Amino acid sequence: MSALTALGLSCQLVRAPSVGMSAQRAHLQQRAAMPQPGSDVKPADMTPSAGASQTLNFEPFQEVKDELVQVSQAPNSESYGRLDYHQECEEGVNDQINIELTISYVYHALHAFADRDNVGLPGFAAWFKNESDEERAHAQLLIDFQNKRGGRVKLHTLMSPETEFANSDKGDGLYMMELVLSLEKLNFHKLRLLHDIACKHDDAEFADFLEGQLLAPQSRSVKEVAEYVSQLRRVGKGLGVFQFDQMLAGLVPAAAAA
Ligand SMILES: [Fe+2]
């Protein structure tokens with residue numbers, strides 16, 4: 001016999017008043033069903049044995065036994081709070097951290113190129129720096145998630161990015177923005193694959209995190225950069241790029257203040 005049953009506190013489903021019954025009448029019926037002070041008579045609906053099929057058994061100390069054994073024996077080198085977190089999800093998060101940091105690295109290389117005195121695109125430089133910070137923030141979100149679920153963060157080696165982005169055929173601006181668009185689309189594809197892993201293991205919280213925190217902003221980024229590519233194709237390589245650079249500078253407060 002559980003502690004709750006011994007106390008006569010086993011939970012029972014309570015049927016709602018039928019449609020059309022007034023609130024006052026329902027209240028009076030509920031009062032009538034309650035045991036009266038000094039009475040030994042228990043209403044039928046409150047007897048522990050009555051309506052066994054409608055009883056919601058909740059025996060916390062019994063149900064938690066197996067978990068308690070695992071928690072008490074867990075070595076302090078492992079997470080105590082890890083719960084239903086598949087190893088494939090954990091590895092996928094570490095891979096995505098590397099992808100976000102690598103793209104941040106590429107954005108920083110683009111920033112350094114656009115900021116050169118012989119390139120002179122301060123708006124591009126500021127926008128690339130801003131995007132680099134944003135990708136690092138995405139990596140931080142994944143690190144926070146990994147730790148929250150009891151996974152272990154592993155930072156893999158970052159690929160060394162190119163540092164030269166001059167292109168006389170397309171112009172530097174369009175060449176760089178097309179590169180960025182391809183990277184953002186690739187990132188969205190990798191996030192979709194990670195979401196597939198979350199769904200494969202029925203990890204609703206992981207899937208929700210990816211959808212809300214990463215996938216939705218990523219699709220917005222792809223749309224934004226695709227529009228920039230379209231605009232840069234329209235304005236050409238000369239004065240148009242100069243004006244586009246000023247437009248980008250206006251989007252990033254730090255560049256406008258410089
Ligand atoms: Fe990102």
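**View 1. Burial and overall fold of the predicted model.** In this predicted model, 24% of the protein's 258 residues count as buried. The secondary structure consists of ten helices and two strands. Along the sequence, these elements follow the pattern α-β-α-β-α-α-α-α-α-α-α-α. Take the contacts between residues at least 6 apart in sequence: 74% of them join residues at least 24 apart.

**View 2. The largest nonpolar core.** This core has 25 residues. Leu110, Ala114, Phe124, Phe128 and Met177 have the most contacts inside it. Five elements are listed here as giving two or more residues to this core: helix H5 (87-114), helix H6 (122-148), helix H7 (172-200), H8 and H9. H5 gives the most, with seven residues. In soluble globular proteins, nonpolar side chains tend to be buried together.

**View 3. Around Phe128.** Which residues does Phe128 touch, not counting residues up to four places away in sequence? They are Tyr107, Leu110, His111 and Ala114. Leu110 and Ala114, like Phe128, are among the residues with the most contacts inside the largest nonpolar core.

**View 4. Helix H8 against helix H9.** Helix H8 spans residues 204-235, and helix H9 spans residues 239-251. They pack at an angle of about 145 degrees, with their axes 8 Å apart. From H8, the contact is made by Gln231, Leu232 and Val235. From H9 come Gly240, Val241, Gln243 and Phe244. Four residues of this contact are nonpolar, three are polar and none is charged.

Notes. Residues are numbered from 1 along each chain as its sequence is written. This is a predicted model: local features need pLDDT of at least 70, side-chain atom pairs count only at pLDDT 80 or more; totals for chains, interfaces and linings use all residues. Axes are lines fitted to C-alpha atoms, for helices over the stretch in contact, and angles run from 0 to 180 degrees between N-to-C directions. Helices (H or I, at least four residues) and strands (E, at least two) are DSSP runs, numbered from the N terminus. Two residues are in contact if their C-beta atoms, placed from the backbone, lie within 7 Å. Ala, Val, Leu, Ile, Met, Phe, Trp, Tyr, Cys and Pro count as nonpolar, Asp, Glu, Lys and Arg as charged, and the others, Gly among them, as polar. A residue is buried if 20 or more other C-beta atoms lie within 10 Å of its own, exposed if 12 or fewer, and partly exposed in between; C-beta atoms are placed from the backbone. A nonpolar core is a set of buried Ala, Val, Leu, Ile, Met, Phe, Trp, Tyr and Cys residues joined through C-beta atoms within 7 Å.
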